[in-house]
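I record here what I looked up in this model, entry by entry. The sequence and structure come first.

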Amino acid sequence: MALELGLWPGLPDPTADAESGRDTDDPVRYTRFELEDAEKAASSIVEGSYAEMVATVDELSGAVKAEIAVEIGDRLFECWDYSERSLDELEEAGAQAFENKLRLDEIFAAQMAPGVAEQAVREMALLDRDQWIAEWIARQVTERETKEARCGGVEALPREERMGAAFGWWERAAALGDLEAKAQWIGMAFHNAKPWHAGSAVELAELKPRVIGAVHELLSERYAPILLQLMLFERQGTFALPNPKRAWIYGEALRRIVERGSVGPWLVPHERADAELTGVREELDRIEATLPPAQRREAEEWVRAIVELPAR
Amino acid sequence: MGSGHCRIAGKMTWSTRRRWFTSGVLLLAASAGLGWMLFEQAHVQRAHPVTSAGQVSGVSASARSGESTVGDESELNDVRRPVGPNVVTRVDETAVWNLPEDERAPFLASLRSLAEAGWSEAFLALAPVASRCILRTPPTDALIIRLYNPDDGLSYRHLRVEDESPSDRAAMREERMARMEREREQAMRKRERCDNALGDDPDEYMQWLEQALIQQPPGFFVAMLDDLRMVPTETGWMVRNAERLARFNLGFLNALRARVVAGDPKVVGRAWKAFAGRQFMPEPDPVQAWAHGLVARRLPEPWSEPAPTDADYQRLVEAGLDPEDIGRAREMSETLWRRCCATSIPVEQP
């Protein structure tokens with residue numbers, strides 16, 4: 001059986017030297033005591049702000065448990081636009097936000113009633129400008145206060161560097177063996193390499209075998225959310241030309257695995273199960289409607305094989 | 001697949017083209033057979049296949065980039081594979097790849113056939129369209145209906161008006177229907193264009209790029225340096241072709257350096273661009289960029305026109321060019337100038 005041999009539709013074989021994470025730049029190997037300290041700290045620091053979490057990790061000479069590294073990465077992701085702007089800066093940003101809103105309103109108005117509506121929208125909006133900006137600033141302040149407990153300290157990193165830093169923490173967690181972090185690393189790896197520059201080709205070429213290796217590793221661990229990533233890869237044509245049939249196979253297999261719950265060999269993290277399938281069901285139905293009967297039958301066999309695949 | 005043009009055999013005249021535009025596909029289909037008998041055979045003749053990877057063809061080596069050769073048969077027969085008879089190669093004595101960009105649309109299928117057969121000039125003319133088709137796949141009808149159908153199109157879900165009158169609603173619906181039709185027509189035209197320019201295998205574009213690097217047709221370096229569309233940067237395409245593209249980038253930079261040292265002024269004037277950004281390199285090399293920029297500035301008009309401006313210089317400083325680097329760049333530029341241009345380019349020394 002192809003799947004048992006590690007042959008997945010559309011996914012290249014793992015190469016011999018594929019790794020699931022980059023070698024850490026930090027050559028330090030931690031002592032058992034340091035790791036115990038890290039473990040003790042782990043339960044408490046996830047409640048702290050970004051700054052507190054990073055400070056604790058620093059105090060532990062960089063020793064960090066995988067779930068803390070994931071949490072720090074997630075926190076940066078969550079707080080990528082967090083800002084501790086002064087009131088003056090907020091006023092300036094509010095005026096800009098008002099202009100942006102006005103332009104958007106004009107576009108909507110033009111869609112609904114071309115010609116006359118844009119001017120009317122602008123005139124009406126300008127009457128309420130000051131009020132709108134004041135409310136916008138109030139919202140920002142409230143939001144900042146709410147987020148401060150989680151995002152405090154994020155401003156030490158420039159906004160454009162936060163996603164890259166988040167990726168670094170996931171990569172670190174992935175290297176420590178955390179499955180969720182590995183899945184996140186796989187999902188962000190190519191994006192993080194900035195594929196919109198042709199000069200990134202070298203980095204992409206180096207990443208490819210590592211990503212493929214990590215995907216195989218998660219498949220062999222039967223970590224179900226990776227099937228969604230495979231569906232996305234198939235839709236985008238990451239390893240081979242885009243293939244709706246294979247996208248359907250992976251998406252449909254995930255749908256059935258999640259619907260079966262914790263029965264069977266596949267790991268389905270509870271908190272992610274529903275989130276993973278948001279929007280997927282609709283997409284699967286659309287793809288299914290386009291598959292010719294023969295392809296549909298073949299795809300169905302693959303889906304059954306994936307769902308019933310025994311544990312490693 | 002493809003437009004009616006790829007059925008036309010032989011040489012087309014301007015009057016033929018006008019007739020095509022006005023009388024449509026039926027007339028064309030009827031005249032195709034007659035055309036084959038009346039017009040000359042396609043000007044693309046049997047040729048040897050491309051065999052020498054990494055070597056510049058005799059044609060291209062002799063041609064200075066940017067100097068367009070208008071389909072000289074003796075030159076074109078050197079290294080290309082034969083193409084079928086149903087390919088338009090010339091329009092009123094002008095090679096089809098030398099037509100202005102806005103007049104190439106009816107000949108995209110022919111340009112693709114020529115590119116597939118190893119005619120890199122055709123690829124250069126095709127690339128601006130084909131690479132865009134990779135970057136943004138034309139939407140399907142199903143997607144357009146999901147986005148723009150007047151009743152619950154995704155584009156309108158955020159638009160809710162509480163107190164609209166029935167007549168407002170009717171007018172709005174009509175406007176939305178018209179918009180959906182416009183979008184569908186546009187998408188259909190784009191699908192046809194992409195089908196002609198690219199076919200169903202976008203990865204073939206990578207092969208055309210490699211082929212062009214081997215052949216270095218006139219205008220290759222200029223197009224690669226001036227037009228960001230030449231290399232598609234769609235994530236899927238980039239990842240699938242990453243290894244080949246990485247090799248291509250390396251090969252391109254080597255070939256570029258060779259062309260600079262050979263003193264091709266059009267290339268010397270803009271080579272700095274290759275080192276200033278991440279178009280061919282993982283990271284910019286501001287020292288190399290500035291060294292090449294200084295050489296470009298010493299060229300006479302019009303070759304110095306693409307030389308870096310003060311704003312470009314500012315960007316290089318921001319990319320990491322410090323005073324010490326500027327000194328190094330100046331020394332490098334002197335060496336480069338002596339090698340590439342001091343004797344071969346007629347210009348007064350500054």
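At what angle do helix 4 of chain B and helix 7 of chain B pack, and how far apart are their axes? I read an angle of about 25° between helix 4 (residues 108-116) and helix 7 (residues 166-198) of chain B, with the axes 7 Å apart. Axes are lines fitted to C-alpha atoms, for helices over the stretch in contact, and angles run from 0 to 180 degrees between N-to-C directions. Helices are DSSP runs (H or I, at least four residues) and strands likewise (E, at least two), numbered from the N terminus. Helix 4 and helix 7 of chain B are therefore roughly parallel to each other, a term for angles under 35 degrees. Leu108(B), Ala109(B) and Arg112(B) of helix 4 meet Arg193(B), Asn196(B) and Ala197(B) of helix 7; contact requires C-beta atoms, placed from the backbone, within 7 Å. I sorted the residues of this contact into 3 nonpolar, 1 polar and 2 charged. Here Ala, Val, Leu, Ile, Met, Phe, Trp, Tyr, Cys and Pro count as nonpolar, Asp, Glu, Lys and Arg as charged, and the others, Gly among them, as polar.

I note that this is a predicted model: local features need pLDDT of at least 70, side-chain atom pairs count only at pLDDT 80 or more, and totals for chains, interfaces and linings use all residues. Residues are numbered from 1 along each chain as its sequence is written, while chains are lettered from A and ligands numbered from 1 in the order in which they are written.

Next I examined the interface. I found 20 residues of chain B in contact with 21 residues of chain A. Helix 7, helix 10 (235-240) and helix 11 (242-261) of chain B each supply at least two residues of the chain B side. That side divides into 11 nonpolar, 5 polar and 4 charged residues.

I then turned to helix 10 of chain A (residues 226-236), where 8 of the 11 residues are buried, meaning that 20 or more other C-beta atoms lie within 10 Å of the residue's own, with C-beta atoms placed from the backbone. Ile226(A), Leu230(A) and Phe233(A) are among them. Just after this helix, Gly237(A) takes a positive phi of about 75°.

Which residues does Val215(A) touch, not counting those up to four places away in sequence? I listed Leu11(A), Ile186(A), Ile226(A) and Leu230(A).

Finally, I recorded 16 helices and 2 strands in chain B, with buried residues making up 39% of its 350 residues.

How values were computed
Parallel < 35°, antiparallel > 145°, perpendicular 65-115°, else oblique. Contact = placed C-beta atoms within 7 Å. Buried ≥ 20, exposed ≤ 12 C-beta atoms within 10 Å, placed from the backbone.
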